[in-house]
Amino acid sequence: MDLESLDFYVVFDLFVLLLIGMGPKIALVPFLDLTSGMEKEMQKKVAGKMVKTAVGVALVLVFLGSLLMRLLHFTPGAVSIAGGIILMLLALHMLIGAGGSEEHKEKAASRDPMQMALYPLAVPYLLNPAGIAVLVTVSDQLDSVLMFALVAGLVLLMGVIDMAVFKNLDKLAKQLDPSRLMVTEAVFGVLLAALAVQLVLDGLETLGIISGLPGH
């Protein structure tokens, strides 16, 4: 990714990928489930910790993703396949376990809220496997300080969006119908499953195992 190939559509595509990879939708229902018994102030503290952690990890991947690939000897194709597999597991959880079981909620109630903010809320729900795969792959393609600054700026923009949503959930909750949330959760689970398959296919194509994918 260089300045010559940069245009509005490239930036917009990256914005959309990051919106999927670290936007609020995937983390919304798990966040509501795991913080349902908390006071509003504690819920906001968990939200702040979750967003800051996800953004921090994302920035590390932007600046060090390429180095990590070389140190650990894996390729962008391998990252894409691994991200697709884990994303498929999350998608299946959204489809099968939508809403969470009572046992799951009881376990969550006994955990340290700040630990839950780090895992599983920050990673892998807010910064999910698709986002990690995108950031590591993009990191390997950046060739100037300006490009690094652009991607880092988009990551910070995602953080602002996430913070605005999760810090104001007490106000938004009045507009959130639980039954509709479950329906959208199931639909989004199917879409994420399709994205997971696409990540695996893209990884296989990058590695040269398959070729001729539509649109490539």
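This is a predicted model: local features need pLDDT of at least 70, side-chain atom pairs count only at pLDDT 80 or more; totals for chains, interfaces and linings use all residues.
Student: How many helices and strands does the protein have?

Tutor: Helices (H or I, at least four residues) and strands (E, at least two) are DSSP runs, numbered from the N terminus. From that terminus on, the elements run α-α-α-α-α-α-α-α-α-α. The totals are 10 helices and 0 strands.

Student: What percentage of contacts between residues at least 6 apart in sequence join residues at least 24 apart?

Tutor: Contact here means heavy atoms within 4.5 Å. Among contacts between residues at least 6 apart in sequence, the share that joins residues at least 24 apart is 85%.

Student: How is helix α2 oriented relative to helix α6?

Tutor: Axes are lines fitted to C-alpha atoms, for helices over the stretch in contact, and angles run from 0 to 180 degrees between N-to-C directions. Angles under 35 degrees count as roughly parallel, over 145 as roughly antiparallel, 65 to 115 as roughly perpendicular and the rest as oblique. Helix α2 (residues 25–34) packs against helix α6 (residues 113–126) at an angle of about 160 degrees, with the axes 9 Å apart. The orientation of α2 to α6 is therefore roughly antiparallel.

Student: How many residues of helix α7 are buried?

Tutor: Buried means under 20% relative accessible area, exposed over 50%, and partly exposed in between (1.4 Å probe, protein chains only). The buried residues of α7 include Pro-129, Ala-130, Gly-131 and Ser-139. Helix α7 (residues 129–139) is mostly covered, the buried count being 9 of its 11 residues.

Student: Which residue caps the N-terminal end of α7?

Tutor: The cap places a side-chain oxygen 2.9 Å from the backbone nitrogen of Ala-130. The capping residue is Asn-128.

Student: Are α1 and α7 parallel or oblique to each other?

Tutor: The axes of helix α1 (residues 8–22) and α7 come within 7 Å and cross at roughly 140 degrees. The contact is made by Leu-14, Leu-17, Leu-18 and Gly-21 of α1 and by Ala-130, Gly-131, Val-134, Leu-135 and Val-138 of α7. Those residues divide into 7 nonpolar, 2 polar and no charged. The two helices are therefore oblique.

Student: What is the relative accessible area of Leu-135?

Tutor: Leu-135 lies in helix α7. Leaving aside neighbours within four places in sequence, Leu-135 is in contact with Leu-18, Ala-58, Leu-61, Val-62, Leu-127, Val-151 and Val-155. Leu-135 is buried, with a relative accessible area of 2%.

Student: Which backbone oxygen does the side chain of Ser-80 reach?

Tutor: Ser-80 lies in helix α4 (residues 76–96) and is buried, with a relative accessible area of 8%. Not counting residues up to four places away in sequence, Ser-80 touches Ala-133, Leu-199, Val-200, Asp-202 and Gly-203. At 2.5 Å, the side chain reaches the backbone oxygen of Leu-199.

Student: Is His-73 buried or exposed?

Tutor: Most residues other than glycine have a negative phi. His-73, in the loop between α3 (40–72) and α4, has a positive phi of about 60 degrees although it is not a glycine. At 71% relative accessibility, His-73 counts as exposed.

Key. Residues are numbered from 1 along each chain as its sequence is written. Side-chain values use heavy atoms; hydrogens and water are left out. A polar contact is a pair of N or O atoms within 3.5 Å; within protein, one must be able to donate a hydrogen and the other to accept it, and residues adjacent in sequence count only if both atoms are side-chain atoms. Ala, Val, Leu, Ile, Met, Phe, Trp, Tyr, Cys and Pro count as nonpolar, Asp, Glu, Lys and Arg as charged, and the others, Gly among them, as polar.
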